[in-house]
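Colleague: Could you walk me through this one and tell me what lies behind each label?

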Amino acid sequence: NGYKIFYLENNDNYGFAKGNNLGVNFSKNRGCKYSLLLNNDTTLVNEYVLGILYNTINNYVDCAVVAPTIYDVTKDGLVINNNNSFYLKFLRLFKILPSNHMLGERLFEVSEAQGSALFVDNDVFISLGGFPEHYFMYGEESTFSKKLLILIRLIMMLIIIIIIFTIQIKVRKLLILIMEENSLLDKIMN
């Protein structure tokens with residue numbers, strides 16, 4: 001079909017942020033304009049998803065990131081992850097993040113997208129420094145999204161395409177602790 005697939009093997013596990021940063025740089029150095037950042041526990045539900053993400057980012061000049069809708073697999077079945085957590089609602093309420101806006105039947109402008117599946121413009125991703133590598137588990141995409149919205153003011157789109165993200169049950173206190181540590185690290189590092 002004329003497409004090439006490159007395999008980038010690392011001797012060490014660098015984690016989410018550094019692993020994705022290396023991948024986007026690898027992709028850009030081979031002449032690719034875009035990269036699909038997809039967690040290893042995330043599944044695209046059909047062969048059209050990539051084409052729709054590509055067409056969306058190309059049809060909107062100000063768009064640098066397109067993210068599909070994510071469904072979490074839970075013991076109760078599939079649950080939509082609608083990027084509307086209490087934390088994000090709080091940030092939008094106090095105008096720290098802009099509100100989400102519907103742009104079409106299946107397209108939204110959003111203030112943040114989940115990092116488990118992102119289609120990114122390589123040049124913009126790299127120019128913003130990618131994901132912060134000093135973070136540990138959670139929050140990398142939030143910091144990247146804020147840089148994207150505040151520094152460059154590009155629009156992030158969310159198109160409704162089902163992607164299944166298999167999650168494990170997490171202890172809430174641990175998650176909050178990790179997010180607080182990441183925020184503190186971000187202040188120290190920047």
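**Rings and burial in a predicted model**

Modeller: Gladly. From the N terminus on, the elements run α-β-β-α-β-β-α-β-β-β-α-α-β-α, where helices (H or I, at least four residues) and strands (E, at least two) are DSSP runs numbered from the N terminus. The model is predicted, so local features need pLDDT of at least 70 and side-chain atom pairs count only at pLDDT 80 or more, while totals for chains, interfaces and linings use all residues. Residues are numbered from 1 along each chain as its sequence is written, and side-chain values use heavy atoms, without hydrogens and water.

Colleague: Why is the pair of Phe90 and Phe94 called tilted?

Modeller: Rings of Phe, Tyr and Trp (its six-membered ring) pair if their centres lie within 6.5 Å; planes under 30 degrees apart are stacked, over 60 edge-to-face and the rest tilted. Phe90 and Phe94 have 4.9 Å centre to centre and 55° between the planes, so the pair is tilted.

Colleague: What makes Phe94 exposed?

Modeller: Its relative accessibility is 51%, and exposed means over 50%, buried under 20% and partly exposed in between (1.4 Å probe, protein chains only). Phe90, at 39%, is therefore partly exposed.

Colleague: Why is the pair of Phe125 and Phe144 tilted?

Modeller: Their centres are 5.0 Å apart and their planes at 45°, so this pair is tilted. Phe125 lies in helix α4 (residues 122-127) and Phe144 in helix α5 (residues 140-152), so the pair ties together parts 19 residues apart in sequence. Both Phe125 and Phe144 are buried.
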